[in-house]
Each structure stands twice: as C-alpha cells, then as structure tokens.
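Subject: Structure handover

Hi,

Here is the structure for you to look over. My notes follow below it.

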Amino acid sequence: EALLPSAWQERVKSVNETRSYDEFLTEVLAEQPDGSSAAVFWRHHSIAALIRLWTDVLPADRVTVVVADESDRAQLRRVSEQLLGLPAQLLTDGPAGNASLSWNRVEFYRALNRASVAHGWDRQRYRRLVYRGLLGGLAAAERGRDESAIPPLPAWAAPRVAELSEERLRDVVDSGVRVVGDPSQLLSPGAGD
C-alpha cells in the first residue's frame, strides 16, 4: 500500500505529473490499465515480470526473492550479506535520502507542474529551477504543524489493492524461486478477508 502513494509522489517530482492522487490511482488500479502511467508503474513494479526476467536466463532455484519486512530495517542488509557470503555486519546503512514530501508540499509541487504546462514553460529551465532547485528545499525544510502526510488509499481502492496483493503472493509462491522472508508480507491489510 505504501508503494502507490510513493509512486505518485515520485511522478509529481520527476515527470511533472499533474493528475491528482485519486486520478493516478484510478488509472493504475484499473482492471485493464492502459495509460502511460499505468504502463510505467506496472513495468517497474510487477513481481511476475521481474521474476520472469530472471528465470528466463537462470533456473528458478538460482533466483532468490527477498520479501522485505518493514518492521526489520536491517533485514535486507543481513540477507544480502548471507547471500553474498560476506561477514555479518559488513554492510552499513547508506545516507538517508529520498525523504517523502508532505501532502501539502506535493500538492504545491503539482500546482507548479500544472502551471508549467498551462504556460508552456521550457522543460530544461523548469527542471533546473524546480526539480533541481526547489525540490531540495521542499524536502529539507522542517515540516509545519499544519502539514499532513499523503492520505492512505481511498476506500474505493482497497478491494483492488487486496486483489493485486493476492496475485503478487501467488506469483512469488508459484514461481519456484527461493523465497527469503514471509511471502504473506506481500498482502495488503484486508486481503483474503
């Protein structure tokens, strides 16, 4: 569930997305997604496609899928060390980055995107001033008391997200690849109810 708001926010920041969160979700979660946002989203986030990419060139038992446990932030480091035969605790956290913007800041950024389209702003100049200039300041500035996080998925999206998360679980379990972690972590809350 955290993937969808994050993907929308990244589109607002990096490809001048002008559509609202709800409009983005409507396209991406459609039964037959056919828009460019949906195509890009599913190309990058389809577990089945990613597994096929690897199992087309390697036997399934040589491919490992790591199911992240959000409550264990060191899990991916530990698993990577084990899979690569590295000493325990050799890997360390990298620099913190890619901080999420508040809902208010994303909407401000989206308004700039709409203005850039409406006024035909030069793409190079826009990227230099807004993406490379303003974005860093928006991300670094302390949050105000009146700012809020991007809201959770709307109620209308929950059944479709549950359905898709069940598909993801089946894709992993039925693929024949090695799985590290609990595949049920792929289920969204309410899936299987």
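First, a term: buried means under 20% relative accessible area, exposed over 50%, and partly exposed in between, with a 1.4 Å probe and protein chains only. The model is predicted, so local features need pLDDT of at least 70, side-chain atom pairs count only at pLDDT 80 or more, and totals for chains, interfaces and linings use all residues. Residues are numbered from 1 along each chain as its sequence is written, and side-chain values use heavy atoms, with hydrogens and water left out.

**Glu-17 and its loop**

Glu-17 counts as buried because its relative accessibility is 5%. Its place is the loop between H1 and helix H2 (21-28). Helices (H or I, at least four residues) and strands (E, at least two) are DSSP runs, numbered from the N terminus.

Which side chain does the side chain of Glu-17 meet in a polar contact? That of Arg-11, at 2.7 Å. A polar contact is a pair of N or O atoms within 3.5 Å; within protein, one must be able to donate a hydrogen and the other to accept it, and residues adjacent in sequence count only if both atoms are side-chain atoms.

Leaving out residues up to four places away in sequence, Glu-17 touches Trp-8, Arg-11, Val-12, Phe-24, Ser-37, Arg-110 and Asn-113. Contact here means heavy atoms within 4.5 Å.

Asn-16 lies in that loop between H1 and H2 too. Its phi is near 60°, a positive value in a residue other than glycine. Asn-16 is buried, with a relative accessible area of 13%.

Gln-89 also has a positive phi, near 65°. Gln-89 lies in the loop between H5 and H6. At 73% relative accessibility, Gln-89 counts as exposed. For background, most residues other than glycine have a negative phi.

**Helix H1**

H1 has 12 residues and spans 16 Å from first C-alpha to last, close to the 16 Å expected at 1.5 Å a residue. The expected span is 1.5 Å times one less than the number of residues. Buried residues of H1 include Trp-8, Arg-11 and Val-12. Their cover includes H2, H3, helix H6 (103-118), helix H7 (123-140) and H8.

**Pockets**

On a 1 Å grid over the protein atoms alone, a pocket is an open set of points where a 1.4 Å probe fits, with protein on both sides within 12 Å along at least five of seven lines; lining residues have an atom within 4 Å of a point. Grid points are joined across faces, edges and corners, and a volume is the space filled by probe spheres set on the points.

The largest pocket has a volume of about 1,400 Å³. It is lined by 41 residues, and the closest to its centre are Leu-3, Ala-68, Glu-70, Arg-168 and Leu-186. H8 gives the largest share of this lining, 5 residues. The lining of the largest pocket divides into 22 nonpolar, 11 polar and 8 charged residues. Ala, Val, Leu, Ile, Met, Phe, Trp, Tyr, Cys and Pro count as nonpolar, Asp, Glu, Lys and Arg as charged, and the others, Gly among them, as polar.

The second largest pocket has a volume of about 230 Å³. Of its 13 lining residues, the closest to the centre are Trp-42, Ser-46, Leu-164, Glu-167 and Asp-171. H3, H4 and H8 each give two or more residues to this lining. The largest share, 5 residues, comes from H8.

Best wishes
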